[in-house]
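Hi,

Here is the structure I said I'd pass on.

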Amino acid sequence: MALLTWNSNYSVGVKTLDGQHTVLFGILNDLHSAMMKGQAQSLTGPLLRKLVDYTQTHFNAEEGIMATAKYPGLADHRAQHRELIKQVQDYSARFERGEITLNLHLLNFLRDWLSNHIQKVDHEYGPWLNDHGVR
């Protein structure tokens, strides 16, 4: 069973960004699946690195689109992105040092942040981007 399932409630109305969000859901669900199958220790490091890398790629793309459309909330949005990257990098580094294991606390943090960020913060830019020709 997936930890987080994509549905239309998560759509921001921008095809490229919705596609990237579904990839993030997939990585999170891969982490959850590994934990549920008892494979967390062997798969968590690579999956956390993949999550960090893809999240940075996605945030750069999202911020680039917002900058091109002159989205007025870009600075605040960028600050939230930086905070999440910092938190996920911290979890990843702690895992690599053997300080933590993949657990429900980490997965729930990632699920809740991703879900809340998309449904609240990202939904704010959708109409602006659409009004400025981004679909």
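Let's start with Glu-99, which forms a salt bridge with Arg-94, their closest N and O atoms being 3.7 Å apart (a salt bridge is a side-chain nitrogen of Lys or Arg within 4 Å of a carboxyl oxygen of Asp or Glu). Glu-99 is partly exposed at 48% relative accessibility, and Arg-94 is partly exposed too, at 26% (buried means under 20% relative accessible area, exposed over 50%, partly exposed in between, with a 1.4 Å probe and protein chains only).

A quick word on the source: this is a predicted model, where local features need pLDDT of at least 70, side-chain atom pairs count only at pLDDT 80 or more, and totals for chains, interfaces and linings use all residues. Residues are numbered from 1 along each chain as its sequence is written, and side-chain values use heavy atoms, leaving out hydrogens and water.

The whole structure has six salt bridges. One of them joins the side chains of Glu-63 and Arg-82 at 2.8 Å, N to O. That pair links distant parts of the chain, with Glu-63 in helix α2 (residues 40-68) and Arg-82 in helix α3 (residues 74-96), 19 residues apart (helices, H or I, of at least four residues and strands, E, of at least two are DSSP runs, numbered from the N terminus). Glu-63 is buried, at 4% relative accessible area, while Arg-82 is partly exposed at 39%. Arg-78 comes in here as well: a network of salt bridges links Glu-63, Arg-78 and Arg-82.

Then there's Arg-111, whose side chain meets that of Asp-112 in a salt bridge of 2.9 Å, N to O.

Cheers
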